[in-house]
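Here is a friendly walk through one model, section by section. Have the structure open as you read.

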Amino acid sequence: MRYFPIFVDLKGRRVLVVGGGEEATRKVRLLLKTDAIIEVVARDLHPELAGNPRINHVAETFVPRLLDGAALVYSADKDQNAHVSAEAQARGIPVNAVDEADISTFIVPSIVDRDPVVVAIGTEGAAPVLAQSIRAKVDALLPHSLGALAARAQTLRERIAGLVPAGNRRRAFWQEFFFGTPNSALDEGDDVAFELAVQDAIHAQSRPAQGRVSLVGAGPGDPELLTLKAHRKLQEADVIVYDRLVSPGVLELARRDAVRIPVGKTPYEASPRQSEINGILQREAGKGLHVVRLKGGDPYIFGRGGEEQAALEAAGIPVDVVPGITAAAGCAASLKLPLTQRGQNRSITLLTAAGDTGLAEHDWAALARPGQVFAIYMGVQAAGDVAARLLSAGIAPATPVTIVENGTLPNERVAQTTIGHLWETIHTRGIHGPSIIYVGLAKAKSSADIVPFPVREDIRDAILRAAS
Ligand code: SAH
């Protein structure tokens, strides 16, 4: 950007226009929209300007001393432009020589004027025709009453703040004000209808709104893996109740003034119970707020989304659900490991290692059968038990295992091992973050692309000593 767009306050300031012809008249027409003191230096004045009491006509040839105290200078006289520009620049006064960008220090944008709303469009002189057509489009887009409306909004602001609660409802009020009935009433010049429409809009938004909860999947961590819908919900939320597994990058994308309530369940630390989380969701939605319950991965996959939904629906609170990319899918993509492959596996099982009290029960014999592929969630702590069950159910000890910790995040780490060495690998590599353990999945992408865990020699030696 070579030219920096700014809006200059010209109230009571002198603007000099050199020249009295067609071009000068065009500039003066624009300047007349401001409260500038307009001085036109020209022997002869265009009939449109002559006699206008706002214009101070200096009927002489340009001399540099006329520049003293000017805020801006327009030069619209071909023979004088170079001279005027040089003198203005010598005094540090911004100057525009009409159609001569090389001797101008500012250029003038195309504008759409709905004072006090002004849209300025510039192409740095590269494509004036483009600027004109954008101008026409914006012009068609903005209601003609917009300026008057914005001026009314200014006077109403305090009254609305006292009557309509901040947040979603305040935004909804202004949305209606600018693009709904008040706008059309003002456009038709009907002041009574305008006032009634404003009162209706206030009334509609000051009634206690129906609160609701969106159960939203945040994906495995990389913010770019959010769905568009999840992103929109995060932008609309009044309150965001989020889990420990939701990455800071995802929270970055939420509306700045949304209230954030962490309810992370952290192993070994005091964390809210499910009943408390349900209570928080009901309390916030009960205030008429839009609550986003943000969960890692997908809300319906090992996310207790169903339980929260049931509790809310039992309390008469509407719930909607936005799916997310589950960890097993996200980690697989990150490693470029297909979850199903023709000729290899035609199904994949997602399972959790964590049961209500200890290890979750599964049909270990079925899982141990050759060719089975499964992704274990919440499996790091129980990995030893899982491996023991599978091995005693007859799984081949050499069955490949891929462990992905913090998948899709910058600190993603990957370990490759076998079911026979699963427990040892987890301990010797110090794996303790959220991890997916894939069993039976075909080889990972080339090892050059993945960040391996270094072996913790001390722990490995301790294990070997204990085993001998
Ligand atoms: N609803 C989530 C799962 C929540 S259970 C989903 O659909 O993904 C929490 C478990 O998810 C963790 O113990 C871990 O097994 C897995 N997990 C979540 N995020 C992960 C990540 N970025 N990398 C690896 N595993 C992850």
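## Around V117

Leaving aside neighbours within four places in sequence, V117 touches V112, L146 and A150, where contact means heavy atoms within 4.5 Å. Between the C-alpha atoms of V117 and L146 there are 7.5 Å, although the two residues are 29 apart along the chain. V117 belongs to strand β7 (residues 117-121); helices (H or I, at least four residues) and strands (E, at least two) are DSSP runs, numbered from the N terminus. With a relative accessibility of 28%, V117 counts as partly exposed, a class lying between buried (under 20% relative accessible area) and exposed (over 50%), using a 1.4 Å probe and protein chains only.

## About the model

This is a predicted model, in which local features need pLDDT of at least 70 and side-chain atom pairs count only at pLDDT 80 or more, while totals for chains, interfaces and linings use all residues. Residues are numbered from 1 along each chain as its sequence is written, and side-chain values use heavy atoms, with hydrogens and water left out.

## The parallel sheet

An open sheet of five strands runs in the order β10-β9-β11-β8-β12, with parallel pairing; two strands pair if DSSP finds at least two bridges between them. At the edges stand β10 (259-262) and β12 (319-322), each with a single partner strand, so one side of each has no neighbour in the sheet. On average, neighbouring strands here are turned by 20 degrees against each other, direction ignored.

Within this sheet, β8 (residues 212-217) and β11 (residues 290-295) pair in the parallel sense over six bridges. Opposite G217 stands K295 in β11. Helix α8 (residues 228-236) lies across β8, β9 (239-242), β11 and β12, and runs at about 140 degrees to β8. Axes are lines fitted to C-alpha atoms, for helices over the stretch in contact, and angles run from 0 to 180 degrees between N-to-C directions.

## Two helix pairs

Helices α5 (residues 168-179) and α7 (residues 191-206) pack at about 155 degrees, their axes 9 Å apart. The two are therefore roughly antiparallel: angles under 35 degrees count as roughly parallel, over 145 as roughly antiparallel, 65 to 115 as roughly perpendicular and the rest as oblique. On the α5 side the contact involves R169, A172, F173, E176 and F177, which meet F194, V198, A201, I202, Q205 and S206 in α7. These residues divide into seven nonpolar, two polar and two charged; Ala, Val, Leu, Ile, Met, Phe, Trp, Tyr, Cys and Pro count as nonpolar, Asp, Glu, Lys and Arg as charged, and the others, Gly among them, as polar.

Helices α10 (residues 274-286) and α11 (residues 305-314) pack at an angle of about 50 degrees, with axes 10 Å apart. That makes α10 oblique to α11. Q274, I277, N278, L281 and Q282 of α10 make the contact with E307, E308, A311 and L312 of α11. Here the division is four nonpolar, three polar and two charged.

## The mixed sheet

Another open sheet has five strands in the order β13-β16-β19-β17-β18, and its pairing is mixed. Its edge strands, β13 (349-352) and β18 (413-418), each pair on one side only. Strand β17 (residues 400-405) pairs with β18 in the antiparallel sense over six bridges, and the bridge partner of I403 in β18 is A415.

Which strands does helix α12 lie across? Helix α12 (residues 327-335) lies across β13, β16 (374-377), β17, β18 and β19 (435-439), running at about 75 degrees to β19.
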